[in-house]
Amino acid sequence: MLFLLGEKVVRTTTDHGSFDCPICQSPQTALHVLDKNYFTVFFIRILPLKLIGDYLECSHCLHSYDPKDTSQPAYIPHLSMILSYLMLGYGVNESKLLAADIYQNMTNQESDEKELRNNIAALSEGKEIFETLKAASFRLNTMAKIRLVEAAYLMTRAMSDLSYEDRLRVNLIGNALDLSLECINEIINRIQQVQ
Ligand SMILES: [Zn+2]
């Protein structure tokens with residue numbers, strides 16, 4: 001007999017009450033979201049495997065926040081980290097205007113030069129980006145993860161000829177954020193269709 005085994009992420013939400021959303025710039029209700037991975041047989045949930053996400057989500061703008069820090073969406077420092085990582089690969093001076101542009105387009109705020117410099121210094125000294133993103137993914141909803149992959153792809157496409165290694169780097173960033181290869185390809189296809 002054939003058993004169809006798999007994993008499925010199940011999202012449960014509870015009402016967290018009101019918080020001051022920095023994106024909406026007004027009090028909004030937030031959901032407390034828990035994403036749990038389940039082992040499935042024939043697509044039926046059998047066994048909870050582990051908690052893979054725990055964050056607040058604004059019910060208006062849908063940005064996800066670390067429950068301990070709602071001063072900015074949780075993806076923003078990681079956007080800066082990803083751009084810094086790619087800047088190191090493609091040349092800090094050659095890519096800094098582009099990185100600032102992508103950051104501003106994504107967040108509607110100016111990139112923090114000091115933060116970028118600190119990230120670049122930490123990465124040069126051996127800070128492991130993929131481990132950092134794996135840990136970060138706990139506080140990110142899918143929308144935030146998609147934004148981070150979009151930023152990585154836009155920067156990569158502008159700075160490279162999208163060789164195997166260039167695309168692989170984008171895939172590794174998506175994988176570290178717990179996105180499947182199909183999902184990463186879909187994000188990239190969507191960008192290509194828009195432009
Ligand atoms: Zn909001």
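Two residues are taken to be in contact if their C-beta atoms, placed from the backbone, lie within 7 Å. The model is predicted, and local features are reported only at pLDDT of at least 70, side-chain atom pairs only at pLDDT 80 or more, while totals for chains, interfaces and linings use all residues. Residues are numbered from 1 along each chain as its sequence is written.

Helices (H or I, at least four residues) and strands (E, at least two) are DSSP runs, numbered from the N terminus. Helix α1 spans residues 76-90 and helix α2 residues 92-107. In the contact between these two helices, I76, L79, S80, L83, L86, M87, L88 and Y90 of α1 meet V92, E94, S95, K96, A99, I102, Y103, M106 and T107 of α2. By class, the contact of α1 with α2 has 12 nonpolar, three polar and two charged residues; Ala, Val, Leu, Ile, Met, Phe, Trp, Tyr, Cys and Pro count as nonpolar, Asp, Glu, Lys and Arg as charged, and the others, Gly among them, as polar.

Two packed helices are described by the angle between their axes and the distance between the axes. Axes are lines fitted to C-alpha atoms, for helices over the stretch in contact, and angles run from 0 to 180 degrees between N-to-C directions. For α1 and α2 the angle is about 160° and the axes are 9 Å apart. The two helices are therefore roughly antiparallel to each other, given that angles under 35 degrees count as roughly parallel, over 145 as roughly antiparallel, 65 to 115 as roughly perpendicular and the rest as oblique. The crossing of α1 and α2 is right-handed. A crossing is left-handed if the near helix is turned anticlockwise from the far one by less than a right angle, and right-handed if clockwise.

Further helix pairs were examined in the same terms. Helix α5 (residues 142-159) and helix α7 (residues 181-194) cross at roughly 60°, and their axes come within 10 Å. α5 and α7 are therefore oblique to each other, and their crossing is right-handed. On the α5 side the contact involves I146, V149, E150 and Y153, which meet I184, I187, I188 and I191 in α7. This contact has seven nonpolar, no polar and one charged residues. The axes of helix α4 (residues 129-136) and helix α6 (residues 164-176) come within 8 Å and cross at roughly 35°. F130, L133 and K134 of α4 make the contact with L172, I173 and A176 of α6. These residues divide into five nonpolar, no polar and one charged.

The strands were considered next. Four strands form an open sheet in the order β1-β2-β3-β4, with antiparallel pairing; two strands pair if DSSP finds at least two bridges between them. The edge strands, each pairing on one side only, are β1 (5-21) and β4 (64-65). β1 and strand β2 (residues 26-41) pair in the antiparallel sense over 16 bridges, and T14 stands opposite H32 in β2. These two strands form a hairpin with four residues between them, and Q25 in the turn has a positive phi of about 55°.

From β2 to β3 there are 12 bridges, and the two strands run antiparallel. H32 stands opposite L56 in β3, and the bridge partner of F39 in β3 is L47. The hairpin of β2 and β3 has two residues between the strands, with F42 in the turn at a positive phi of about 50°. β3 and β4 pair in the antiparallel sense over two bridges. In β4, S64 stands opposite E57 and Y65 is the bridge partner of L56. This pair of strands also forms a hairpin, with five residues between β3 and β4, and L62 in the turn has a positive phi of about 70°.

The chain is divided into domain 1 (5-65) and domain 2 (76-194); the bounds come from an automatic or database domain assignment. The C-alpha centres of the two domains lie 23 Å apart. Eight residues of domain 1 are in contact with seven residues of domain 2. Strand β3 (residues 44-58) supplies five residues, the largest share of the side of domain 1 that touches domain 2. By class, this side of domain 1 has four nonpolar, two polar and two charged residues.
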